[in-house]
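Have the structure open beside you as you read.

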Amino acid sequence: MNIIVTGGAGFIGSNFVRMALSQRPEWRVIVVDALTYAGNLENLDGLEKTYSGRYRFAKADVADSAAIEKLFEQESPSIVVHFAAESHVDRSVLGPMDFVRTNVLGTATLLDAARKSWRDKAGRFLQISTDEVYGALGDTGAFTEATPLAPSSPYSASKASADLLALAYHKTFGLDVVITRCCNNYGPYQFPEKLIPFMISRFVDGEKLPVYGNGMNVRDWIHVEDHNRGVLLAIEKGRPGEVYNLGARCERNNIDIVRSLLKLLLTAKGKPAVDLDSHITFVKDRPGHDWRYAIDPSKAERELGFRPEVRFEEGLAKTVQWYLENEKWWRDVQSGAYRDYVSKVYGA
Ligand code: NAD
Ligand code: DAU
C-alpha cells in the first residue's frame, strides 16, 4: 500500500516516516517535500538504504498542482498524511503570504488531487492540524473538538482555513478526510527556532534565553512520538469527517520550561544548577500572543485508544541530550538566512 507523507523532511514528518516504515511493513512511503528552510534530507538519513523499495523521496511543492497530480498518477496512494506547512508563528507575523500559499493553497491542491484520483477507489486523507486553530484560552478550561475556531495568528488562521477546506471536501465530495489537532510537540529534529531547541542552542552559544512577555503563557506539551502514535491510530481507526484532538495533558508555563531546560543544561555541563534566572532575559512579547492552550484528548482516548507514553520530564531530558549530542545537525541548519531571521525577531 502506497502512502504519501507531505512535509516528511520536517520535524514531525520525519519522525513519522521512521515510525511508519518500522511499524507498518506493508506500507511503501513516498515523502513529498519542497525542502524549505525547515526541511532537511539529513532528517531522513539512512532510510533509503534500510528500507530500499519501501521508501521514495520526491521533491515537490504541495501548491504545484501539476507536480502533485503527476505524483498521484505515478504512485496511486491509498493514504495521504499531510504534514507539510509553514509552521512557525513568529515567521507568520513577519511574512504571512508564504503561510497562505503553502497552508491554504497547498492543502487545497492536495485535496483536489485526491478527489480526482480517488473517484473510483477508496483513499484516506489525514490532515495534520493544530490546537492553535481554537485561539487562546483563559486560565481554565480545555479545547474540545466542539470549541469554535478562533485563530489569532496568520499561521493559525491558515491552518484553520486548511481544516475547513478538508471538511468541505468531505461534506461536498465524500472524500474520506480525518483531522488531528495536536498541541505543542517536542523531541529530536525540531528546527531550532521553536522554544525548546532555540533555548538549548542559545545556552550552548553562551547567550541569554529570550522569554516573551512575562513568561507565564501556557502551552500543552507532547512528545513527537506520542503525537505520531496518535496519527497512526487516526489513520487506522478514525471515522471519516471527524476531528480528533491529540494531547498528553501536560500544561506548563514558558518560564517553567525554560528553567527546567537550564537545570538540565547546567547539570549536563557539570555546573551547579543555581541562579537560573541570570541566564534569562525577558523580551518584547509576540504580537497577538495566545495566552494559554490546553487540549482535551478524551475523544481520541475513547474512540482511538490513544494513550501517550512519554513522561514529560523524561522526554525533555532525552531531548536536551539529543541536541547536545547532535550539535552539528542544528549548526548546519542555522544558515545565513536563519541568522537574519533571528535578528529580525529578537534584534541584533
Ligand atoms: P516543520 O516546519 O518542521 O516542517 C515542515 C515541513 O514542510 C518541512 O520539511 C518543509 O520543507 C515542508 N514544506 C513547507 N512548505 C512546503 C511546500 N509548499 N511544499 C512541500 N513541502 C513543504 O513543521 P513541523 O513542526 O514538523 O509541523 C508539521 C505539521 O504539524 C504542520 O502541519 C504543523 O502545522 C503541524 N503541527 C505542528 C505542531 C508543533 O508543535 N510543531 C503541533 C501541532 C501541529
Ligand atoms: O500548539 C501547537 C503549535 O505549537 C504548532 O501548531 C506550531 O506549529 C508550533 O510552532 C507551536 O507554536 P507555538 O507558538 O506555541 O510554539 P513556539 O515554540 O514558537 O513557542 C512556544 C511558547 O514559547 C510561546 O508561548 C512563545 C514562547 N517563546 C517562544 C520563542 C521561540 C518565547 O517565550 N521565546 C522564544 O524565543
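The protein exposes about 14,500 Å² of surface, and carbon and sulfur atoms supply 51% of that area; accessible areas here come from the Shrake-Rupley method with a 1.4 Å probe, and for residues only the protein chains shown count as cover. Before going further, please keep in mind that this is a predicted model, in which local features need pLDDT of at least 70 and side-chain atom pairs count only at pLDDT 80 or more, while totals for chains, interfaces and linings use all residues. Residues are numbered from 1 along each chain as its sequence is written, chains are lettered from A and ligands numbered from 1 in the order in which they are written, and side-chain values use heavy atoms, with hydrogens and water left out.

Of the 348 residues, 54% count as buried, where buried means under 20% relative accessible area, exposed over 50%, and partly exposed in between (1.4 Å probe, protein chains only). The fold has 13 helices and 12 strands; these are DSSP runs numbered from the N terminus, with helices (H or I) of at least four residues and strands (E) of at least two. The radius of gyration is 20 Å, close to the 20 Å that the globule rule gives for 348 residues, so the protein is as compact as a globular protein of that length. That radius is taken over C-alpha atoms, and the rule is 2.2 Å times the number of residues to the power 0.38. Along the principal axes, the C-alpha atoms fill a box of roughly 65 × 45 × 35 Å. Among contacts (heavy atoms within 4.5 Å) between residues at least 6 apart in sequence, 83% join residues at least 24 apart.

Now turn to ligand 1. It is surrounded by 28 residues, the closest being I12, D33, S87, Y155 and K159; a residue is near a molecule if one of its heavy atoms lies within 4 Å of it. Polar contacts are pairs of N or O atoms within 3.5 Å. One oxygen atom of ligand 1 is 2.7 Å from an N or O atom in the side chain of S87, and an oxygen atom of ligand 1 is 3.1 Å from a polar backbone atom of F11. A nitrogen atom of ligand 1 is 2.9 Å from a polar backbone atom of V62. Taken alone, ligand 1 exposes 840 Å², of which the protein buries 96%. Strand β5 gives the most to this shell, with 3 residues.

What surrounds ligand 2? Its shell has 23 residues, and D131, Y155, R286, H289 and Y346 are the closest. The side chain of R286 places an N or O atom 2.6 Å from an oxygen atom of ligand 2, and a polar side-chain atom of H289 lies 2.7 Å from an oxygen atom of ligand 2. A nitrogen atom of ligand 2 is 2.9 Å from a polar backbone atom of P210. On its own, ligand 2 exposes 690 Å², and the protein buries 95% of that. The elements giving two or more residues to this shell are α7 (195-204) and β8 (209-212).

Finally, look at G174, in the loop between α6 and β6 (176-182). G174 counts as exposed because its relative accessibility is 51%. G174 and R119 are 55 residues apart in sequence and 9.8 Å apart in space, C-alpha to C-alpha.

Conventions: A polar contact is a pair of N or O atoms within 3.5 Å; within protein, one must be able to donate a hydrogen and the other to accept it, and residues adjacent in sequence count only if both atoms are side-chain atoms.
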